[in-house]
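Please open the structure in a viewer and keep the selection tool at hand.

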Amino acid sequence: MTNLSTSDVRYVEDRSPGNGRLAPRSSFTSDSVHLDFNGPWRFRIAAGLADLTPAFEDPAFDDSQWELIPVPSNWQLQGVGAPAYTNVAYPFPIDPPRVPDANPTGEYRREFDLPSQWPDVRSVLRFEGVDSCFAIWLNGMRLGDGKGSRLPTEFDASDALKPGRNVLAVRVHQWSAGSYLEDQDMWWLSGIFRPVRLLARHPQSVDDFFVHADYDHLTGSGELVVETTGDGAPDCRLSVPELGLLDVDPAGPHTIADVTAWTAEQPHLYHGELVTPHERIPVRIGFRRVTVEGGLLKANGRPILLRGVNRHEWDPETGRTLSHETMLRDVLLMKQHNINAVRTSHYPPSTEFLDLCDEFGLWVIDECDLETHGFELVGWRGNPSGDIRWRDAFLDRMQRMVERDKNHPSIIMWSLGNESGTGENLAAMAAWTRTRDPDRPIHYEGDWDSGYVDVYSRMYADHAETEQIGRAQEPVTEDPALDAHRRTLPFILCEYAHAMGNGPGGLSEYQKLFETHPRLQGGFVWEWIDHGIARRTDDGRVCFAYGGDFGEPLHDGNFVADGLVLPDRTPSPGLIEYKKVIEPVAIDVDPIAGTVHVRNGHDFRSTAHLRFSWQAEDDGETVLDGRLDVPDLAPGESVTLPQPRLPDARGRERTLTVVAALARPEPWAGAGHEVAWGQAVLTPAQHPAAAPGIHQTEASPDPGRRSVPALRDSTGHVLGPGRFDAATGQLTRLGGLELTGPRLELWRAPTDNDRLGSRLADQWHALGLHRMTHKCLGIDSTRDGLKVTSRVAAAGTDAAMDTTYHWRTDGHELWLTLSVTPHGEWPCPLPRLGLHLELPSWIDTVDWYGRGPGEAYRDTASAARLGRFRRSVDDMQTHYLRPQENGNRHQVRRATLTGVGGTLQITGAPHFDLTVSRWSAADLAAARHASDLLPRDRVHLHLDAAHHGIGTASCGPATLPQHTLHTRPTVFRIALSSSILSEDTGLPGE
């Protein structure tokens, strides 16, 4: 107990981790009696320390006029105060350990009746998570205080607890000295956000235990030792029936000749019990051994490849208070998308999440609740990592994480924290951890010399540098001994491929490096989920808020929205792409050799759990399908099989797709769930103009058909089904279809990757690509059609595009050859190059034959397979948290847009990129939230020869050279036709 009074708040700015707390221990359940204090509490918010309620801890205090607030929760998401988001900068002056006087403080009170059967034993109050600093009173007696928001804190409540009515009072401060250690690129939120429990602990019970379940991959044997502490430890017995252990001494050691090892691919758990005369504690045991040997990170003697994500805890409605169902959904989505590893950025998660990782199988890097990134903005002056006065706080956070989570087999590394610079306090954390748990390697990215860690870890190293590291050819550092040590370590990208908005691009190029160089053992995409906060518009629509939406004077905008799933956990196109890139079975369909090559990329599991099937399609229509008999492949094994015999394609484009799917249900997905696929074009379509979509030679889309000349009437030019404006030469009607365009378009609504990092969007704005003007230079009726020449340029620059629209027709279909020649200086890549049309709003459905079904761009197209697809216009969009370029379908051969009024058909020679939307690029660029986008009275159609790649420049490398859209002469060909219904008859009109 402490003697601090209710008005003594020195602990708020005390560097110490807390007072009056019990020693940290593991998180476990038992059959001992306990009380949950989740539910409504009385609550008052104080503006600061000068506004605290006198005697609020007094059991006689009348709190009946206070509001109710749920525990667990963050008070800012309960209508009290406002959230604030910063990535690096502290939202208060850097003056450690002091914090502002304006320090919102939540005063919580809860009455409870102690059950009459409550045993007369030690009683412990356990808080799983309180942000950021708190003090606690029970029946007016002060039990202590604590910091370390995302770590458990326990207090001995025995002396204060009494029969009958009890009053628990907790004071929670938004800011404290601990806030300097919690600058973790997320919303600043406060309150009791994880569960609170009262635990009865009998003196003859086990206080704590540590399961050591070692696995020898050479013999297949396991050795089990369970260390127990507490007065009841001598009488504690262990039973694990599946291992033949019944009522044995937990300490053993127990050697079992043949055990099934735990891996992320096959997470076998043995279920047992620790039993004392007064308590039964369930234990789950996973046998595995994690080592760094020969420069490689190994599990059970085999190198592993981490296909990982960084995961913050987030729910758009409840913030960092997550339900079991939400955590389970995360784990299932990860497993279903081939993810095998999680870094718990940048703090230990709820223990329930780690339980799920144990059960379903995910490798985990458990990261300490530590980040001091804001000190970087002042040159790391005063950084606590190098200040011995913070040593106890650093060690305390590491100790509480390790002790809480030490019994989870899914955890294969301890991480000291994130972006906290360098310093001896970090080295002290590593030293303590090695002593306490020598069986897990230690991770920390912030010190590239890697003197006190076991893996070399980096963030956002680009592809070229990553390859250098893979070859152990990275630049030398100053200390030869540390440099030599680092080169012996395995390498992981603890953050890469920043998944902000549309993207990330370049994933497949990273994965190829990981699979080529053994030292490169994978990485963790930043990050899992967009941290949008759910809000509702006046008309009831849900939208998601980001930094700046709550009036924060200092914020980092939508940088908080950089996840592979949208705030409502809808998988983004980025997650679909990642699933394809990291699939654990590689399927290569070789049209030249006539073979299918299958390689098992699992680290431990054979392919016996998979069923392989094939499907042959001609122009997207299934011709034949069947089962592919792939032998059971051990990890790393491969086989080459002949392709199935197929009939002649008769000039149609034939694809062969091979799929690996679950043969039987798994805990994380049902039978038939697709794990991997491969596809190739066996027989290309016989295009009359067999040339790429961007090329230098001009020819008709169909030179085998004879075109007719254009005519002139009183309203303009007529060419077959097309009518063209007399002054501009623009197509205004196609048969009965009224339209505007097509016109050359170079602009796209900037993506987050365009706006940030590379700042390409600034260069595009400087060039005026968003405000181009079109000058018609000539309209000429030729013997075989209509030729319209124009110059497209922006005010204030002489950079321009000279364009020629050469229209031809056979009387039914219009053929367009667009020739584009750059003029002047173009200092940066183009966003896009193609055509923009505006169509009637009645168009509501898109059918296409091309890559799909989802959004894809040139460097995010791995997951887009060739086929026939159908979507509504509305479903062609991806509603990123901040609106931006989206919805592109890649390498489309032909498309049909339909609605109540008829159809528009588009054919490429050979293909084009397709975007269909109810708003324009200008609408997208101007909108801050998806709710700002309201359907227009026109449908916007983009037919593009090419797009600039997506990249990951919002935080990471820009678009790779091979995916850059350089400015150069271009020829682009499409064909258009329409069938419009008569309003009177419903029959096709002219």
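**First stop: a buried asparagine**

Select Asn300: its relative accessibility is 5%, so Asn300 counts as buried (under 20% relative accessible area, with a 1.4 Å probe and protein chains only). The model is predicted, with local features needing pLDDT of at least 70 and side-chain atom pairs pLDDT 80 or more, while totals for chains, interfaces and linings use all residues. Residues are numbered from 1 along each chain as its sequence is written, and side-chain values use heavy atoms, leaving out hydrogens and water.

Asn300 sits in the loop between strand E24 (296–299) and strand E25 (302–303); strands are DSSP runs of at least two residues, and helices of at least four, numbered from the N terminus. Next, show Trp262, whose backbone oxygen lies 3.4 Å from a polar atom of the Asn300 side chain. Beyond neighbours within four places in sequence, Asn300 is in contact with residues including Tyr215, His217 and Phe604 (contact means heavy atoms within 4.5 Å).

**Second stop: two helices**

Select H5 (residues 463–470) and H7 (residues 507–516), which pack at about 5 degrees with axes 10 Å apart. The two helices are therefore roughly parallel (angles under 35 degrees). Here His463, Thr466 and Glu467 of H5 meet Glu509, Tyr510, Leu513 and Phe514 of H7.

Select E52 (residues 814–823), where seven of ten residues are buried. Strand E51 (residues 800–809) pairs with E52 in the antiparallel sense over ten bridges (DSSP must find at least two for strands to pair). Arg808 has Trp815 in E52 as its bridge partner.

Conventions: Axes are lines fitted to C-alpha atoms, for helices over the stretch in contact, and angles run from 0 to 180 degrees between N-to-C directions. Angles under 35 degrees count as roughly parallel, over 145 as roughly antiparallel, 65 to 115 as roughly perpendicular and the rest as oblique. Buried means under 20% relative accessible area, exposed over 50%, partly exposed in between (1.4 Å probe, protein chains only). A polar contact is a pair of N or O atoms within 3.5 Å; within protein, one must be able to donate a hydrogen and the other to accept it, and residues adjacent in sequence count only if both atoms are side-chain atoms.
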